[in-house]
Amino acid sequence: MDLTEIIDIMSIVGTIAFSSMGTMIGIRKNMDLFGVITLGVITATGGGAIRDIILGILPPKVFQNSRDIILSIVTSSILFLLIYYNKEVVEKYYFKIYERVISLFDAIGLGIFTVIGINTAMDMGYFKNKFLLVFVGVITAVGGGMLRDIMTESTPFILKKHIYACACIIGAISYLYLLRKINNELICMLIGAGVVIVIRLLSAYYQHLLSGDIVLIFTYLNTILTV
């Protein structure tokens with residue numbers, strides 16, 4: 001199995017994770033099947049579409065290959081039907097479990113799409129533009145969630161007290177740093193995604209934002225990229 005196939009598998013996992021998250025938020029807001037599917041598709045593919053527009057990939061890949069849209073629709077439909085016939089899942093008694101599942105889906109999607117976004121930019125030849133690489137990695141991860149939150153009239157997660165985009169930034173920087181030290185792109189991608197997932201899960205668990213985390217991010221960025 002080559003790197004391209006592994007990246008495709010990671011993309012599928014990320015798509016399922018993000019479409020599941022969008023679906024569960026739609027269910028929580030009492031949307032119908034169409035609304036739930038729309039949120040699932042937007043959450044899973046929105047960030048990638050924004051990334052492609054920035055990189056000049058037109059039309060965006062999601063419109064060139066319908067796999068991710070179909071996968072999102074199927075995932076959202078199955079999850080909607082499962083929860084529709086088990087409505088107690090989103091009732092008060094199961095709320096904590098619901099929140100943990102949402103956090104897990106969110107973390108997995110963030111980690112995978114951060115490194116995939118960077119990989120896409122590097123495939124376009126932008127190896128030296130570190131800022132662009134980090135930016136497209138982060139926007140790939142958080143863009144769909146931002147669109148979802150706007151559609152549901154919610155304040156986007158990255159603008160609230162959550163270590164969210166910051167987790168993606170640290171993971172992206174870690175990925176780029178490891179690429180300079182380790183001659184194995186797959187391992188670098190897995191570690192970079194893992195960093196995002198761990199930070200996001202810890203953040204969700206403690207529900208706490210360190211007051212100096214922005215300063216920490218830029219200090220970390222300056223240290224890593226100048227080594």
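Trainee: At roughly what angle do the axes of helix α1 and helix α8 cross?
Mentor: This is a predicted model, where local features need pLDDT of at least 70, side-chain atom pairs count only at pLDDT 80 or more, and totals for chains, interfaces and linings use all residues. Residues are numbered from 1 along each chain as its sequence is written, and side-chain values use heavy atoms, with hydrogens and water left out. Helix α1 spans residues 3-28 and helix α8 residues 185-206; their axes come within 11 Å and cross at roughly 15°.

Trainee: Is α1 roughly parallel or roughly antiparallel to α8?
Mentor: Angles under 35 degrees count as roughly parallel, over 145 as roughly antiparallel, 65 to 115 as roughly perpendicular and the rest as oblique. The α1 and α8 axes cross at roughly 15°. That makes α1 and α8 roughly parallel.

Trainee: Which residues of α8 make the contact with α1?
Mentor: Contact means heavy atoms within 4.5 Å. From α1 come Leu3, Ile6, Ile7 and Met10. By class, the contact has seven nonpolar, no polar and one charged residues. The α8 side supplies Glu185, Leu186, Met189 and Leu190.

Trainee: Is the pair of Phe18 and Phe113 stacked or tilted?
Mentor: Rings of Phe, Tyr and Trp (its six-membered ring) pair if their centres lie within 6.5 Å; planes under 30 degrees apart count as stacked, over 60 as edge-to-face and the rest as tilted. Phe18 and Phe113 are 5.4 Å apart centre to centre, with 35° between the planes. So the pair is tilted.

Trainee: How many residues apart in sequence are the parts that this pair ties together?
Mentor: Phe18 lies in helix α1, and Phe113 in helix α5 (residues 95-123). The pair therefore links parts whose separation in sequence is 95 residues.

Trainee: Is Phe18 buried or exposed?
Mentor: Buried means under 20% relative accessible area, exposed over 50%, partly exposed in between (1.4 Å probe, protein chains only). Phe113, at 7%, counts as buried. Phe18 has 2% relative accessibility, so Phe18 is buried.

Trainee: What separates Phe131 and Phe135 in helix α6?
Mentor: Their rings form a stacked pair, 6.2 Å centre to centre and 25° between the planes. Phe131 is exposed at 66%, whereas Phe135 is partly exposed at 38%. The two are four residues apart in α6 (residues 130-151), so their separation is about one helical turn.

Trainee: Leaving aside neighbours within four places in sequence, which residues is Thr75 in contact with?
Mentor: Thr75 sits in helix α4 (residues 67-84). Its relative accessibility is 13%, so Thr75 is buried. With those neighbours left aside, its contacts are Ile16, Ser19 and Ser20.

Notes:
Axes fitted to C-alpha atoms, helices over the stretch in contact; angles between N-to-C directions. Nonpolar A, V, L, I, M, F, W, Y, C, P; charged D, E, K, R; others polar.
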